[in-house]
Amino acid sequence: DTVVEDVQARKGMGFKAGSFDTVVDTFGLCSYEDPVAALREMARVCKRGDQHGRILLIEHGRSESHAWLTNILDKHASPHAAKWGCYWNRDIVGI
């Protein structure tokens, strides 16, 4: 079965711990008010240990290897976040 849930829509997803084999988040960490809390909630509902649960993330964010691009993103980050709710220069790796 597939369940679609917005981890940010409310505090906690309302599922028991270890409910899912796989949790997928696509381009979400840039938009969550508290991305660390969102990751913790994903980990909580994902199976652990020998049950082999997986959290799959497809993300974008700050680049340490492309300073020219980071400078452009930093310059326009606030207006972009105000319009779209996406902090495209968020340090995803640092989270």
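**Close-up views of a predicted model**

At a relative accessibility of 10%, Glu 41 counts as buried. The structure shown here and in the views below is a predicted model.

**View 1. Glu 41 and Arg 44 form a salt bridge.** The closest N and O atoms of Arg 44 and Glu 41 are 2.8 Å apart. Both residues belong to helix α1, and because they are three residues apart there, about one helical turn separates them.

**View 2. Met 42 sits in helix α1.** The helix covers residues 35-45. Is Met 42 buried or exposed? Met 42 has a relative accessible area of 2%, and because buried means under 20%, Met 42 is buried. The C-alpha atom of Met 42 is separated by 26 Å from that of Ala 77, and the two residues are 35 residues apart along the chain.

**View 3. Asp 21 and Lys 47 form a salt bridge.** Here the closest N and O atoms are 2.8 Å apart. Asp 21 counts as partly exposed, at 46% relative accessibility. Lys 47 also counts as partly exposed, at 25%.

**View 4. Arg 62 and Asp 74 form a salt bridge.** Their closest N and O atoms are 2.7 Å apart. This pair links distant parts of the chain, with Arg 62 in the loop between β2 and α2 (67-84) and Asp 74 in helix α2, twelve residues apart. The relative accessibility of Arg 62 is 28%, which counts as partly exposed. For Asp 74 the value is 31%, and this residue too counts as partly exposed. How many salt bridges does the model have? The count comes to three.

**View 5. The model has one aromatic pair.** The rings of Phe 15 and Phe 20 have centres 5.0 Å apart, and their planes stand at 80°, so the pair is edge-to-face. The cut-offs behind this call are centres within 6.5 Å for a pair and planes over 60 degrees apart for edge-to-face. Phe 15 counts as partly exposed, at 24% relative accessibility.

How values were computed. Residues numbered from 1 in each chain as written. Predicted model: local features only at pLDDT ≥ 70, side-chain atom pairs only at ≥ 80, totals over all residues. Heavy atoms only, no water. Phe/Tyr/Trp six-rings, centres within 6.5 Å; stacked < 30°, edge-to-face > 60°. Buried < 20%, exposed > 50% of the residue type's maximum accessible area, 1.4 Å probe, protein only. Helix = DSSP H or I, 4+ residues; strand = E, 2+ residues; numbered from the N terminus. Salt bridge = Lys/Arg side-chain N within 4 Å of Asp/Glu carboxyl O.
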